[in-house]
Amino acid sequence: MIRHIVIWRFEEQADGRDKVANLRLARDLLRGMAGRVDGLLNLEAGINEPPSGEASDLALVAEFRDWPALRVYADHPVHQEVVRFLRRVRTERRVVDYEI
């Protein structure tokens, strides 16, 4: 099984919304991928509370059946829709993938 962890920091204003609205929308879009991508076994997305200058704003923890499933996810249209939104509203992205 592969664990995929991504954390983001967001712009204060972007895409016509404030940071809080974009964080909620991003969280909901991420959660909406559950059950829609073959090989995606588990998905959690959450907004950091309370906000902090040292912390990231949003985190995704997803588990995939294997490395090929993670590669399929990367190019999947459902995931690409979320990626397009996140690129418009984030300032920073970090990712870690590892086998568990």
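Modeller: This is a predicted model. We can start with D15, which has a relative accessibility of 36%.

Colleague: Why is D15 called partly exposed?

Modeller: Buried means under 20% and exposed means over 50%. D15, at 36%, falls in between, so D15 counts as partly exposed. D15 sits in the loop between strand 2 and strand 3. Its phi is positive, about 55 degrees, although D15 is not a glycine.

Colleague: What makes D15 and R17 a salt bridge?

Modeller: The closest N and O atoms of D15 and R17 are 2.8 Å apart. The cut-off is 4 Å between a side-chain nitrogen of Lys or Arg and a carboxyl oxygen of Asp or Glu, so the pair qualifies. R17 is at 27% relative accessibility and therefore also counts as partly exposed.

Colleague: How many salt bridges does a search of the whole structure find?

Modeller: The search finds nine. One of them joins E63 and R3, with the closest N and O atoms 2.5 Å apart. That pair links distant parts of the chain, since E63 is in strand 5 (residues 58-64), R3 is in strand 1, and they are 60 residues apart.

Colleague: Are E63 and R3 buried or partly exposed?

Modeller: The 20% limit separates them. E63 has a relative accessible area of 15%, which is under that limit, so E63 is buried. R3 is at 23% and therefore counts as partly exposed.

Colleague: What makes R27 and D28 a salt bridge?

Modeller: The closest N and O atoms of R27 and D28 are 3.2 Å apart, and the limit is 4 Å. There is also a network: E12, K19 and D57 are joined by salt bridges that share partners. As for D28, its relative accessible area is 42%, so D28 is partly exposed.

Colleague: How many aromatic pairs are counted?

Modeller: The count comes to one. The rings belong to F64 and Y73, with their centres 4.7 Å apart and their planes at 55 degrees.

Colleague: Why is the pair of F64 and Y73 called tilted?

Modeller: The centres have to lie within 6.5 Å, and 4.7 Å meets that, so the rings pair.

Colleague: How do you know that the span of helix 3 is close to the one expected?

Modeller: Helix 3 (residues 77-89) has 13 residues and reaches 19 Å from its first C-alpha to its last. At 1.5 Å a residue, 18 Å is expected. Its buried residues are V78, H79, V82, V83, F85, L86 and V89. Their cover includes helix 1 (19-31), helix 2 (67-75) and strand 6.

Colleague: Which residues make the nonpolar surface patch?

Modeller: M1, L41, V96, Y98 and I100 make the patch, which is about 440 Å². V96 lies in strand 6 (residues 90-99).

Colleague: Which peptide bond is cis?

Modeller: The bond from E49 to P50 is cis, with omega near -15 degrees. P50 lies in the loop between strand 4 and strand 5, and S56 is in that loop between strand 4 (40-47) and strand 5 as well. Leaving aside neighbours within four places in sequence, S56 is in contact with I7, W8, R9 and N48.

How values were computed
Residues are numbered from 1 along each chain as its sequence is written. This is a predicted model: local features need pLDDT of at least 70, side-chain atom pairs count only at pLDDT 80 or more; totals for chains, interfaces and linings use all residues. Side-chain values use heavy atoms; hydrogens and water are left out. Patches are made of residues with over 30% relative accessible area and no salt bridge: like charges are joined within 9 Å, nonpolar side chains (Val, Leu, Ile, Met, Phe, Trp, Tyr) within 5 Å. Accessible areas come from the Shrake-Rupley method with a 1.4 Å probe; for residues, only the protein chains shown count as cover. Helices (H or I, at least four residues) and strands (E, at least two) are DSSP runs, numbered from the N terminus. The expected span of a helix is 1.5 Å times one less than its number of residues. Buried means under 20% relative accessible area, exposed over 50%, partly exposed in between (1.4 Å probe, protein chains only). Contact means heavy atoms within 4.5 Å. Rings of Phe, Tyr and Trp (its six-membered ring) pair if their centres lie within 6.5 Å; planes under 30 degrees apart count as stacked, over 60 as edge-to-face and the rest as tilted.
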